[in-house]
Amino acid sequence: STSPGRRRWYGRADRSGTKKQTVGRLPTIGGHDNDTTMVDTEERDMAKKAATQESFTDDERAAMKERAAELKAERARRPELRVLPGRTIGLIFHKPSTRTRVAFEVGIAELGGMALFLPAAELQLARGESYRDTALVLSRFLSALMIRTFAQDEVEEFAEHASIPVINGLTDLAHPLQALADAMTLRERFGPLAGLRVAYVG
């Protein structure tokens, strides 16, 4: 199904391979386009979801790193950033977290939004409610949803049924936000990433 109107986010193609959104610069899901927000973008279909690193094109990843660098520089100057005004982002955690939870809650708050911590054990998921039903219910209240869990299929199922952006905060298969953060750190240290040789041990 499709959702009319405009939504601002980054994400992925759907399972049929159809591209969900055409983007230029990384947009915001806030409604105020000023010096501290990104330009608006036309939504072609329902919002895309960020499930794995492959959810994004090279241009999208580059735009996100560029925008992240801008926001990091702005944060150092401590202005009031209004990127997510009036938006509530849900955070579902199936496993304990220190850095991911703090980073999301602080980041959302400093961008003008509100983070809603949702321990999976305290949701109806723990009583057997399906991911589909939970995704449908949360879509009515939240502007976006982050999930930190074990099985990649859980994120994919949420993304399939939710009408809001769904972000993979970590699964056994992928940690796309960590990958993007690592790429940003490499860019800060070495400049352009093209041609850079990286050895991974882990």
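Select Arg101 and Phe117 to start: the charged end of Arg101 sits over the ring of Phe117, 3.5 Å from its centre. (A charge sits over a ring if NZ of Lys or CZ of Arg is within 6 Å of the ring centre and within 35 degrees of the ring normal.) This is a predicted model, where local features need pLDDT of at least 70, side-chain atom pairs count only at pLDDT 80 or more, and totals for chains, interfaces and linings use all residues. Residues are numbered from 1 along each chain as its sequence is written, and side-chain values use heavy atoms, leaving out hydrogens and water.

The structure holds 2 aromatic pairs (rings of Phe, Tyr and Trp, the last by its six-membered ring, with centres within 6.5 Å; planes under 30 degrees apart are stacked, over 60 edge-to-face, the rest tilted). The ring centres of Phe93 and Phe117 are 5.5 Å apart with planes at 50 degrees, so this pair is tilted. Because Phe93 lies in strand S1 and Phe117 in strand S2, the pair ties together parts 24 residues apart in sequence. (Helices, H or I of at least four residues, and strands, E of at least two, are DSSP runs numbered from the N terminus.)

Buried or exposed, what is Phe93? Phe93 is buried, at 6% relative accessible area (buried is under 20%, exposed over 50%, partly exposed in between, with a 1.4 Å probe and protein chains only).

Next, pick Tyr131 and Phe158, another tilted pair, 5.5 Å centre to centre with 50 degrees between the planes. Tyr131 is in helix H3 and Phe158 in helix H4, 27 residues apart.

Finish at Lys95, whose charged end sits over the ring of Phe150, 4.2 Å from its centre.
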